[in-house]
Amino acid sequence: MSKEKSLFRQSVVFGSYIILALWLVKSMEWAFAANFAHFGIMPRHLLGTIGIFTSPFIHGDFLHLLSNSFSLMLLIIILFFFYDKIALKALLYIYISTGIFVWIIAREAYHIGASGVIYGIASFILFSGLLRKNQSSLALSFVILLLYGGMFYGVLPQDGHISWESHLMGLLSGLLVAIAMKDEFAGQAELELYFEKNFDDDEYQDDGTNFNFTNPEQEFSYEYKSKEIDDTPDPNKID
């Protein structure tokens with residue numbers, strides 16, 4: 001199995017485990033007719049700190065869970081495939097920092113759901129590309145803007161049972177983690193474009209620094225490379 005296929009498989013497997021855990025928690029809640037909202041983040045309450053670790057696994061209903069599952073799965077695959085060396089560390093930093101920020105600044109209500117983490121991963125990928133400024137990283141940033149640009153309206157203050165604070169703090173966490181880890185991007189996995197070509201010796205000239213092709217028959221393909229560098233509140237609050 002080629003390296004990129006193996007890495008993609010690992011990314012999918014890891015994401016699947018996370019999504020499975022979310023659905024198991026919701027299934028238990030449904031099976032026992034329970035309400036796990038009190039495991040959410042209750043800002044500025046000591047007991048509410050448990051939600052920093054548990055809130056992303058709690059969802060208001062199956063529709064809420066379903067909508068978060070697709071986004072979270074896709075973003076985890078992108079994160080672990082393109083940033084394989086630092087993905088787990090970045091995810092943990094985003095996970096914890098988002099919860100802490102919500103606990104500090106959010107309204108007094110139970111904040112639940114994985115949306116904060118989703119915003120954090122999307123923000124990390126977006127700003128990492130802007131910070132690194134290479135072709136593949138910027139392309140990923142563009143993809144995130146295309147897929148999730150509209151969701152950034154969710155960081156604006158609003159009434160109701162939507163935790164815009166979780167969205168905003170996830171966005172901030174992703175930015176801060178991207179900045180903090182910018183010197184660790186050497187482990188970023190990149191997809192680089194190259195041309196494969198069959199040629200005879202007299203069709204090929206090598207000056208020691210580049211290739212000069214004379215045969216127009218080429219096959220466009222991708223190559224995976226790891227590039228190195230030198231050096232009592234409302235219990236229905238959801239996000």
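Predicted model: local features only at pLDDT ≥ 70, side-chain atom pairs only at ≥ 80, totals over all residues.
Trainee: Is Glu 29 buried or exposed?

Mentor: Glu 29 belongs to helix α1, which covers residues 3-31. Beyond its neighbours within four places in sequence, Glu 29 is in contact with Ala 34, Asn 35, Phe 36, Ala 37 and His 59. A residue counts as buried under 20% relative accessible area. Because its relative accessibility is 6%, Glu 29 is buried.

Trainee: What distance separates the end C-alpha atoms of helix α4?

Mentor: Helix α4 has 19 residues, 87-105, and at 1.5 Å a residue these should span 27 Å. The distance in the model agrees with that expectation, so the end C-alpha atoms are apart by 27 Å.

Trainee: Which elements do the buried residues of α4 pack against?

Mentor: The buried residues of α4 are Ala 87, Ala 90, Leu 91, Ile 94, Tyr 95, Ser 97, Thr 98, Gly 99 and Val 102. In an α-helix, residues three or four places apart point the same way, because there are 3.6 residues a turn. The packing partners of the buried residues of α4 are α1, α2 (51-54), α3 (62-82), α5 (115-132) and α7 (164-180).

Trainee: Which element gives the most to the lining of the second largest pocket?

Mentor: The second largest pocket holds about 170 Å³ of space, and among its 13 lining residues Ile 18, Phe 57, Leu 91, Tyr 95 and Val 117 lie nearest its centre. Two or more lining residues come from each of α1, α3 and α4. With four residues, the element that gives the most is α4.

Trainee: How many residues of that lining are nonpolar?

Mentor: The lining of the second largest pocket includes no polar and no charged residues. The number of nonpolar residues is 13.

Notes. Residues numbered from 1 in each chain as written. Heavy atoms only, no water. Buried < 20%, exposed > 50% of the residue type's maximum accessible area, 1.4 Å probe, protein only. Contact = heavy atoms within 4.5 Å. Expected span 1.5 Å × (residues − 1). 1 Å grid on protein atoms, 1.4 Å probe; cavity = no way out; pocket = protein on both sides within 12 Å on 5 of 7 lines; lining within 4 Å. Points joined across faces, edges and corners; volume = space filled by probe spheres on them. Nonpolar A, V, L, I, M, F, W, Y, C, P; charged D, E, K, R; others polar.
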